[in-house]
Amino acid sequence: MSQRSALMGPALRMGGLVLALILLIVVGVATAGERFWSTGNLITVLSLAAVTGVVSIGMTFVITSGGIDLSVGAVVGLASVWASTLATQYAAEDYGWWVIPVTALAVGLVAGLINGLLVAYGKMPAFMATLAMLAAARGLAEIIAGRQTQIVDVEPFFDVFQARPLGVPTIVWIFVVVAAAGWFLLNRTTFGRRTVAVGGNPEASRLAGIKIKRHTLYLYGLAGLTAGIGAVILLARTTAGSSTHGTLLELDVIAAVVVGGTLLAGGRGTITGTVLGVLIFSTLTNVFVLNNLDSSVQAIAKGAIIVGAVLLQQWFASRERVSTT
Amino acid sequence: MVDVDPSGVEQPLLRMRGIVKEFPGARALDGVDLEVRPGEVHCLLGQNGAGKSTLIKTLAGAHQPTAGEILIDEEPVVIANPVAALRLGIATIYQELDVVDGLTVAENIYLGHELATGGVSRRSEAARNTRKILDRLGHKEISPHREVGSLPAAGKQIVQLARALSRDARVVIMDEPSAVLDSEEVGNLHRIVRELTADGVAVVYISHRLEEIRQLGDRITVLKDGRTVAESLVVADTPTKELIQLMTGRTVEYAFPDRPGVAEDAEPVLEVEDLGLGTVFSDVSLTVRAGEIVGLAGLVGSGRSEILETIYGARRATSGTVRVGGKRLRPGVVDAAVAAGIGLCPEERKSQGLLLDEPVYRNITLSTFSRIARGGLLDEGAERAAAREQVEALDLRPAGVDRNARTLSGGNQQKALLARWLVHGCRVLLLDEPTRGVDVGARSEIYNLIRRLADDGAAVIVVSSEIPEVLGLADRVLVISDGKAVHEGPAREIDEHAVLDLVMEGSVA
């Protein structure tokens, strides 16, 4: 009996998210008809969801471990700028298009590892360490870019990242691949198990012999890496690097992860939930845009979704406690 | 109902009868009786985990009893929440000193019942009253406008007491108030407690310091395993030794497994030399051979658990060395200890041992899932199989490995932790209070299990507050008192009384 209810909990939660998404789609079809329900629009929704989506995968790991990373938006900005400087672009002309994405990924990874060092070894609260990184990364991005938008002019880069294999843009494929890899990493590898264990009970994990400091370092590195990937997607979509890229992205990302069912306190994480959370928010935006509704109203709807989802989660959690005892 | 008892004995102010408190998977209180009279200092005595804090929280309105009755002035009452407790005149001073550091003394004292007119606080009146209360407590020197964060622990305690008095408390519950104080401050605290009781306030006083209870207490109630084992003993008529026996002794006799004896040529597996941890303990040396169980006996606060945790690297030793199989361990590094083959079953199973919302098998394989995995890929099938094997061998119930650890009883949670190290394969096993919170029936099972582990070649150290447990289970015993090993010898050659004498000598010295 209790085994069944333990399994039903997550299924119910996912069911709720799927239901919310279907509801949004129904509203979209009812209000915008063909303009909403078309392959073109669907791909637009996914393309616009790609940056938040990819970064949310990394954030899911950090939050599952009981941490938080406020710097991802600023790191996306910094990585986009660094990967689109004239120097980087010349190097890309000389050596190949891959210089741009590799630069973005490296910048993201290093920023993430610095976060990780501060949190794991400097024993700083994650909130403060990553808040400091948010400020510093944004500032550094402004210095590098001189507050200018840096147009990318490397054709081979766009040949790859603006291509549409099987009719779907590369950036959507990147989202799909990162999500699948994230799911695998969280559910099927020792890295994922450690993440859940550290989030569920750091002291017990430490006493069981898990190297929690090193693992924490890796987790923030991973979050930074996904921010780097997010920067590549933004460069491909907007054809420019800018120090304002990713502004307030961290809030959308955290909202998507938590609405998806990952516990902010750590110990439970779900990639499927995160993807659904991302899709719910991007579909919501799309429905509002198609209906020419005020973006302020959209913000209110977003707030309502966050509140509703968290209240529901808490209700599920308390019910689970009772049913398993 | 306010008749004076014809026998002349004062009517109790507070009475608890048959209090039971059940938590999911555990029975924290299992029939507690307590009777407190006005103007007395009633001491509550018991080991960690005996149920004292649950009892306090029940009185403070933080927990609702599952069964039983609370009476005030012989009238049954329901203490639905902390505010209700205060309204009934019950004030609680927690060990953690729950004051708001950023507020002033007066603001803290009137927290929750601010003196205000239409939302505007009457600051001067609050300050005046605060001054009056502090004066009564003999602490005129504390200004009502001082920020509480700048006060030392003793001062914060005074603020909490003042808060209780501002509520006209009739019963003040103090949870180990002297633990955070130095000896001079303790003297002052005792003076205040005596003044309170002279005014007719009843004080329920919790302390591990037996000499303190002797100085201060009027009557004593002893808790053990969530039950009252002795009610309202008169302090003056009860020898300290009897008290310790009540706390640590057995109510039921257990069957301990046979001791086959350790072979003369058994190799020393764990060698601890002159280990020390700041002021907590020092100069601890011990050797445990393969197949041997060494017990550490001592009272709460003697440093027993800290010794285990330091051997394990969970605390960083300030002096001395730990060797496993002749190889020196890096101090303060748990994963090095685990890699060397040491396992620890910690004292606080829930907070230090288990992932409560994860399935049993993942708890069992927490130290080994990386090893079971291939190239970083989890093999949950093999994990389940390894866990299932241990679950069957240890008779862990219920047997399903997919239910959450939270749903297991204390004894079965302990088995899950033992199973973790069985899967891992340990040369040294450190067990801190292995039968804490384990019900009577499951204890013998745990004992047999520990002995079997030793027979299979493990070197085992057991820490327990229950002296008969240490003596019955271990081959050799170290008696720890005040951070020092005061005796070492075969368990057979010492009895409970001798251990108690040693413990008391040590704590008096």
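Contact means heavy atoms within 4.5 Å. The exercises below concern a predicted model.

**Exercise 1.** Determine which residues L270(B) touches and where L270(B) stands in the largest nonpolar core.

*Solution.* Step 1: residues up to four places away in sequence are set aside. Step 2: the remaining contacts of L270(B) include L286(B), V288(B), I311(B), V324(B) and I461(B). Step 3: the largest nonpolar core has 130 residues, and L270(B) and Y312(B) touch the most other members. Step 4: another core, of 79 residues, lies apart from it, with F191(A) and L235(A) among its members.

**Exercise 2.** Describe the aromatic pair of F256(B) and Y447(B), and state what the pair ties together.

*Solution.* Step 1: a pair of aromatic rings is described by the distance of the centres and the angle of the planes. Step 2: for F256(B) and Y447(B), these are 4.8 Å and 35°, a tilted pair. Step 3: F256(B) belongs to the loop between α8 and β13 of chain B, whereas Y447(B) belongs to helix α16, so the pair ties together parts 191 residues apart in sequence. Step 4: F256(B) has a relative accessible area of 23% and is therefore partly exposed; Y447(B), at 0%, is buried.

How values were computed
Residues numbered from 1 in each chain as written. Chains lettered and ligands numbered in written order. Predicted model: local features only at pLDDT ≥ 70, side-chain atom pairs only at ≥ 80, totals over all residues. Heavy atoms only, no water. Core = buried A, V, L, I, M, F, W, Y, C linked by side-chain atoms within 4.5 Å. Buried < 20%, exposed > 50% of the residue type's maximum accessible area, 1.4 Å probe, protein only. Phe/Tyr/Trp six-rings, centres within 6.5 Å; stacked < 30°, edge-to-face > 60°. Helix = DSSP H or I, 4+ residues; strand = E, 2+ residues; numbered from the N terminus.
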